[in-house]
Amino acid sequence: MGEQETLAMMTLTRIPSLSQTNARLLVEQMGSASAVVEHRTDLPELLPESGKRLARVADEVDEARRRAETELEFCHSKHIRPLCITDTDYPQLLTQCADAPLVLYYLGTANLNARRIVSIVGTRRITTYGKDLCARFVRELHEAYPDTLIVSGLAYGVDIHSHRAALEQGMPTVAVLAHGLDTIYPAVHRQTAIKMLEQGGLLTEYMSHTPGDKGNFVRRNRIVAGMSVATVVVESAVKGGALITADLAAEYNREVCAFPGRTFDDYSAGCNRLIAQQKARLITGIDDFLDCVGWDNPKAQQQPARQQELFPQLSPDEQRIVDSLQKADSKAVNQICVETDIPFARTSALLFELELKGLVDVLGGARYRLKRK
C-alpha cells in the first residue's frame with residue numbers, strides 16, 4: 001500500500017463524525033480510503049442511515065489529515081509500522097471482525113499472521129497458583145508448538161507473567177496496548193516491553209499522545225480476542241477485562257478455554273463461572289488445550305499419521321471442508337465454519353493440514369480455495 005493511501009486511512013480514524021464501522025464500509029464500497037477522502041461530500045448518499053452525521057465529515061477532514069501527517073512523521077522517526085486493514089501484514093484473523101480497527105501501529109519483529117496465535121488473559125491480582133499456571137502452560141505450549149505467538153496486554157498480573165514466560169521459552173509475544181507507542185503503561189514493565197521488541201512486539205490502534213483511559217483498555221480487548229485463534233483465561237474474578245475478552249472471543253467464533261480453581265478462591269470465580277455457563281472449555285493442561293483447538297499433539301503422533309501425509313486420506317471433517325470449498329472459487333474461514341458447523345480453531349487447524357497435503361491454497365485476506373490443477 002502506498003503512503004498516500006496509508007495517510008488517507010489514518011485520516012479516517014481521526015474524523016469524529018465517522019465511526020470506524022462506517023469508515024470500513026465506505027472504504028469497501030469506494031475501493032480505497034483515498035477515494036473516501038476525495039469524495040467526502042458524497043458520503044451521505046452512500047450511507048443514508050448515517051447521512052446527518054456524515055454530512056459533517058467534509059468539514060472535519062482537513063484537521064484529521066494534519067493530525068495523521070504528524071503521526072506518520074512520528075512513525076517514520078520511531079520505525080513504527082502503520083498497518084492498514086487492507087495490508088497483508090495486518091492481522092488477517094482480526095479483519096474477520098466487524099469492529100476491527102482501520103489502522104494498527106506496530107513496533108516489533110513478530111509475524112502477526114503466525115500459524116498459531118494464542119491469547120492469555122486474566123486478573124491483575126495474580127496468585128501463586130496463577131503464576132504457576134502461566135509458566136507451565138506456556139512451557140508446555142512451547143514443547144508442542146514453539147513458534148506459537150503469545151498475545152496479552154502487558155498489564156499487571158496474568159498479562160505480564162504470560163509475556164515473561166514466553167520470553168523465557170524463546171517464543172514470540174505481542175502486547176496490545178491501550179495507548180500510543182510513545183509511552184509504556186505500566187512503566188515498571190518497560191524493560192519487558194523492550195525485550196519484546198526483539199522477540200515479539202507492541203501493537204496499538206491509538207496514535208501517539210493518546211493516554212490509557214479506562215475505555216481504551218476495554219476497547220483493546222477486542223484486538224486481543226480477534227487476532228487469536230483461542231483465548232485462555234488463567235485466573236479471573238467474576239468481573240474484569242479478562243471476562244470481556246472471553247465474551248468477545250466467543251462472539252468472534254474463537255475458542256475460549258479456562259483453568260478451573262477452588263470454589264472459594266475469588267480469582268478463580270470468573271473462570272469457574274465461564275466453565276459452568278459453558279462459555280469456556282475447561283482445561284487443566286496442554287493436552288486439554290490441544291484437543292480444544294484441534295491441533296495435533298506431537299507426543300501422540302505415530303508413523304501411520306506420517307503415512308497419511310504422503311497418501312492423503314481425508315477425515316470426515318476434512319471432507320466437509322473440501323465439499324464446502326468446491327461450492328465457490330474461494331471462501332473465508334468464518335464462512336467455512338458456518339457451512340460445516342466446525343469450530344473456528346478446529347477449522348483453521350484442518351485447513352492447515354489440507355494445505356500441507358497439497359489440497360488447499362491460502363489466499364490474501366485469510367481466504368482459502370481448493371488447489372487448482
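Helix α2 (residues 20-30) has as its buried residues Asn22, Ala23, Arg24, Leu26 and Val27, where buried denotes under 20% relative accessible area, exposed over 50% and partly exposed in between (1.4 Å probe, protein chains only). Helices (H or I, at least four residues) and strands (E, at least two) are DSSP runs numbered from the N terminus. The model is predicted, with pLDDT of at least 70 required for local features and 80 or more for side-chain atom pairs, whereas totals for chains, interfaces and linings use all residues. Residues are numbered from 1 along each chain as its sequence is written, and side-chain values use heavy atoms, without hydrogens and water.

The cover over the buried residues of α2 includes α1 (3-12), α3 (33-38), α4 (43-46) and α7 (92-95).

Leu154 is located in the loop between β4 (149-152) and α9 (158-169), and counts as buried because its relative accessibility is 0%. Asp341, likewise not a glycine, has a positive phi of about 60 degrees. This residue, Asp341, belongs to the loop between α17 (333-340) and α18 (344-356); its relative accessibility is 66%, and Asp341 therefore counts as exposed.

In the loop between β5 (173-176) and α10 (190-196) lies Pro186. The peptide bond leading from Tyr185 to Pro186 is cis, with omega near -5 degrees.

Methods. Contact means heavy atoms within 4.5 Å.
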